[in-house]
Every structure is written in structure tokens, then in C-alpha cells.
Amino acid sequence: MPHYDFDQRIDRHGTQCKKIEVLKQDYGRDDLVPLWIADMDFAVCPEVTQALVRRLADHPVYGYTCLYDEYWQSIIDWQRERNGFEFSREEVTFVAGIVTGFGLAVNHFTRPGDKIVIQEPVYYPFKDVIAGNGRVMVDNELIHTSDNFYRMDLEGLERIFEQEKPKMMVVCNPHNPIGIAWEPEVLREVARLARKHGVIIFSDEIFGDLMLYGHRHTPMTTVSEDAAAVTVTCGAPSKTFNIAGLKSSWCVVKNPELRKPFFEWIEINELCNANFPAIIATEAAYRHGAQWLEECLHYIEGNIDYVEQYCREHIPGIVAIKPQAGFLVWLDCTGLGLTHEGVIDLIRNQAGLAMNEGTMFGAAGNCHMRCNMGSPRSVIEQAMHQLADAVAAM
């Protein structure tokens with residue numbers, strides 16, 4: 001029987017919640033149902049809260065804190081047991097977020113003017129980091145398949161490696177916003193090409209523990225010797241356990257020729273120092289959060305199934321593309337017959353919903369929206385009813 005209550009509606013007003021506080025600024029209205037930024041509205045695993053309360057309440061000194069052995073071992077054990085990802089203590093370091101980790105890798109391994117490959121539609125901060133650091137983005141756009149899903153363009157990738165000679169490539173694994181769980185053979189070929197052409201792979205695996213419908217996560221580094229030689233992997237408990245506000249992530253580099261100078265540079269610049277709540281919450285989540293996560297994933301699957309079926313029965317102009325991982329749904333709104341601006345107006349101003357615009361993730365996101373499923377079922381139901389009413393009134 002379910003042990004945790006994911007149906008509970010928690011009022012996040014007054015907690016400096018970005019999901020709510022920036023609605024007026026970013027969407028022009030503050031009365032929208034917030035289904036945009038990728039955090040969940042569920043209460044965290046109680047053991048995480050208890051660990052934080054004990055530390056904050058029981059001891060009045062909040063000084064410098066070391067990254068202790070039990071913290072590291074919790075990460076190592078979780079990845080080995082959950083994903084078959086084996087690494088040693090010396091092969092992992094702390095970073096304060098995946099985007100931060102990407103920025104560190106970009107600045108250490110590349111130089112201004114160097115080219116970096118991404119695969120749109122993809123998590124938009126990658127583009128911001130690349131451009132903001134004076135690097136050049138090269139897009140190997142995903143191929144939209146006949147069954148309304150996506151696959152990697154491996155031929156296009158090889159062509160880009162040969163002609164553009166990039167220094168780095170981002171592999172979003174699993175892929176955000178679509179929720180693709182990349183198959184091992186695909187990752188293996190990417191790694192082969194990257195090593196052949198001297199390209200470093202940055203693998204964003206923040207959604208790697210949020211696998212849905214029986215799909216398995218394949219850590220990039222594990223697929224081959226080529227992958228282990230060229231990959232910088234970043235993962236985190238943040239999306240998994242809904243603790244993104246604590247800024248806790250980790251970075252694994254297996255190849256010592258890449259790792260030693262990179263980790264030394266990070267350490268010298270004190271870029272691997274963690275705040276103690278992040279350390280405590282991370283260890284508690286990895287040690288005690290497995291059952292919470294399993295129930296959370298089951299609940300998210302129910303939300304996704306509801307939205308997919310509701311759109312099919314009541315809003316046929318919108319297709320909910322079922323993800324293989326994560327708590328985000330890519331909504332294909334092309335069947336509505338609207339322009340992209342028309343879709344935005346419908347979702348925001350007519351339906352009263354805040355979602356991420358598809359074009360944020362690249363031109364391939366035209367007439368698409370990204371919708372967050374990490375809310376109580378009653379919120380998702382309310383959102384779908386408002387959307388159906390708006391479409392009916394077109």
C-alpha cells in the first residue's frame with residue numbers, strides 16, 4: 001500500500017518559491033497554474049527533513065563543514081546499486097548544480113571560439129552557458145520519428161565532428177524535455193565517434209534516477225572504454241528527491257588524464273565546497289529515499305497516463321508524448337492549427353496555465369510546450385480541464 005501522500009496540496013506561497021514568485025515577471029500574470037520549472041510540489045522524503053531538522057535544531061554552530069566519508073559512500077552505493085555505475089572516491093567531486101558543472105567543464109576543457117555540440121530540442125541553459133562563455137553552439141537536431149518520438153541523428157553527428165571539429169558535446173541522458181532514455185548502443189556509437197575525433201562528452205544525468213514504465217538508465221561512462229575515456233558525467237539527487245533548492249550535485253570523471261587537472265582546478269578555486277544542508281540532505285536521500293522514490297515514480301506515471309488519455313479523448317489537437325524518464329511531458333500542439341504564438345496565448349491567457357514554451361528548447365519546439373507532471377493529481381486534472389475549456393472556446 002502507498003506509504004507517502006502525493007495527493008496533498010502544499011501551499012508554497014511565502015517560501016520564495018521560484019515556480020510561483022516569478023510568474024508575474026516571466027508570464028505577465030500571477031494567477032496561472034504553475035506547470036513550468038522542473039521541481040515537484042511533493043513533500044520530500046521525511047528522512048531528509050528529519051536529518052536537516054536534527055542538524056539545524058540540535059547544534060547552534062553552522063560553520064565550515066567537510067565532505068565526510070559517509071556522504072561520498074552514499075553517492076557511490078546509490079549509483080552502483082541503482083544504475084550499475086561503478087566509481088571510486090577519487091573519481092567523484094562535488095559541484096553546486098548541473099549547469100554549474102557544465103560551466104566548469106566548458107571553461108576548463110574548451111577556449112573561446114571553440115565549438116560545442118548540442119541536440120535540440122534540449123534543455124535551454126546549455127545554450128546560455130555556451131554563448132555566455134564565448135563558445136559556439138553547433139546543433140545536431142534530433143530526428144522526429146513517424147511514431148511521434150525522437151531519435152539521435154548519428155550520421156549528422158559524425159558529419160559535424162568531421163566538418164566542424166568541435167571540442168565538446170553535450171549528451172542529455174535522459175533527454176530533457178522529451179524524456180528519452182538513450183539505448184546503450186546509441187551511446188556507444190556517440191562515444192566511439194567522440195573519441196575518434198577528440199571530442200569530450202559532457203553527460204547530464206540529472207534525470208537518471210527517474211526512470212518510468214520499466215525503462216533503465218544507462219550511464220554514459222559505462223557503455224564502453226571509449227566512453228570512459230572521454231566523458232565528464234554530472235548527476236544529482238536534486239530532481240530525484242525534490243531538493244533542487246539545496247544545490248547538490250556530483251561529477252564523475254573516470255579518465256585520470258582528464259580528471260586530475262580538472263578536479264585540481266576545481267579544488268584550487270574552491271568550486272567544490274558544499275553547504276552543509278546540501279551534504280546532509282544528499283546522504284539522507286540516498287540512504288533512505290528509495291521507497292519514497294518508487295512511490296513517487298508510480299504516482300508520476302499515473303499523472304502522465306491521465307494527461308495522455310485526457311488529451312486523446314478531450315483535446316485531440318494536442319498529443320502528450322509519453323516520456324521514458326523524468327516528470328516532464330512534451331506536448332505536441334501542432335494539431336490545433338495555431339501559430340506558436342497562438343499556442344502560447346491559448347495555454348497562458350485562455351487556459352490560465354504556465355508551461356515552458358517549446359521554442360525555449362530550440363526551433364524544433366515550435367508549437368510544442370513542456371508540462372510538469374510533478375504535482376498532485378487534482379492540480380493536473382484542474383489544468384487539463386482548463387485547457388480543454390480553452391480549446392473548446394477557440
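Are arginine 12 and aspartate 41 buried or exposed? In this predicted model, both arginine 12 and aspartate 41 are buried.

**View 1. A buried salt bridge between arginine 12 and aspartate 41.** The closest N and O atoms of arginine 12 and aspartate 41 lie 2.8 Å apart. This pair links distant parts of the chain, with arginine 12 in the segment before α1 (18-21) and aspartate 41, 29 residues away, in the loop between β1 (33-34) and α3 (46-58).

**View 2. A salt bridge between lysine 115 and glutamate 164.** The closest N and O atoms of the two side chains are 2.5 Å apart, and the pair again links distant parts of the chain, since lysine 115 belongs to strand β3 (residues 115-118) and glutamate 164, 49 residues apart from it, to helix α7 (residues 154-164). Lysine 115 has a relative accessible area of 26% and is therefore partly exposed, and glutamate 164, at 30% relative accessibility, also counts as partly exposed.

View 3. Arginine 192 is partly exposed, with a relative accessible area of 34%, as is glutamate 189, with a relative accessible area of 23%.

**View 4. The network that joins Arg12, Lys19, Asp39 and Asp41.** Salt bridges that share partners connect these four residues into one network; a search of the whole structure finds 18 salt bridges, in a chain that carries 35 positive and 54 negative side chains.

Methods: Residues are numbered from 1 along each chain as its sequence is written. This is a predicted model: local features need pLDDT of at least 70, side-chain atom pairs count only at pLDDT 80 or more; totals for chains, interfaces and linings use all residues. Side-chain values use heavy atoms; hydrogens and water are left out. Lys and Arg count as positive and Asp and Glu as negative; His and the chain ends are not counted. The place of a charge is taken as NZ of Lys, CZ of Arg, CG of Asp or CD of Glu. Helices (H or I, at least four residues) and strands (E, at least two) are DSSP runs, numbered from the N terminus. Buried means under 20% relative accessible area, exposed over 50%, partly exposed in between (1.4 Å probe, protein chains only).
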